[in-house]
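Please look at the sequence and the model below before reading on.

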Amino acid sequence: DVDTDPDLVDRYGELVPVVTVDGVQQGYWQIDAGRVRRALAG
């Protein structure tokens, strides 16, 4: 939860919602479900 962690707020601030998989940003604002699925599968 970005909003409860000051370090994440500093890093992602206005990009919420943001999705990362294994530390790699997969998307923000409008999340591409296919991209996230591929990242999780790979």
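Gln 26 is buried, because its relative accessible area is 12%; buried means under 20%, exposed over 50% and partly exposed in between, with a 1.4 Å probe and protein chains only. The model is predicted: local features need pLDDT of at least 70 and side-chain atom pairs count only at pLDDT 80 or more, while totals for chains, interfaces and linings use all residues. Residues are numbered from 1 along each chain as its sequence is written, and side-chain values use heavy atoms, leaving out hydrogens and water.

**Around Gln 26**

Gln 26 belongs to strand β2, which covers residues 24–28. Apart from neighbours within four places in sequence, Gln 26 is in contact with Val 19, Thr 20, Val 21, Arg 35, Val 36 and Ala 39. Contact means heavy atoms within 4.5 Å.

**Strands and helices**

The protein has two helices and two strands, and their pattern along the sequence is α-β-β-α. Helices (H or I, at least four residues) and strands (E, at least two) are DSSP runs, numbered from the N terminus. Strand β1, residues 18–21, runs antiparallel to β2 and is joined to β2 by four bridges. Two strands pair if DSSP finds at least two bridges between them. Thr 20 stands opposite Gln 25 in β2. The two strands β1 and β2 form a hairpin with two residues between them, and Asp 22 in the turn has a positive phi of about 55°.

**The aromatic pair**

The structure holds one aromatic pair. The pair is edge-to-face because the rings of Tyr 28 and Trp 29 have their centres 4.8 Å apart and their planes at 70°. Rings of Phe, Tyr and Trp (its six-membered ring) pair if their centres lie within 6.5 Å; planes under 30 degrees apart count as stacked, over 60 as edge-to-face and the rest as tilted.

| Residue | Relative accessibility | Class |
|---|---|---|
| Gln 26 | 12% | buried |
| Tyr 28 | 34% | partly exposed |
| Trp 29 | 52% | exposed |

**The whole protein**

The C-alpha trace spans about 30 × 20 × 10 Å along its principal axes. Of the 42 residues in the protein, 17% are buried. Among contacts between residues at least 6 apart in sequence, 0% join residues at least 24 apart.
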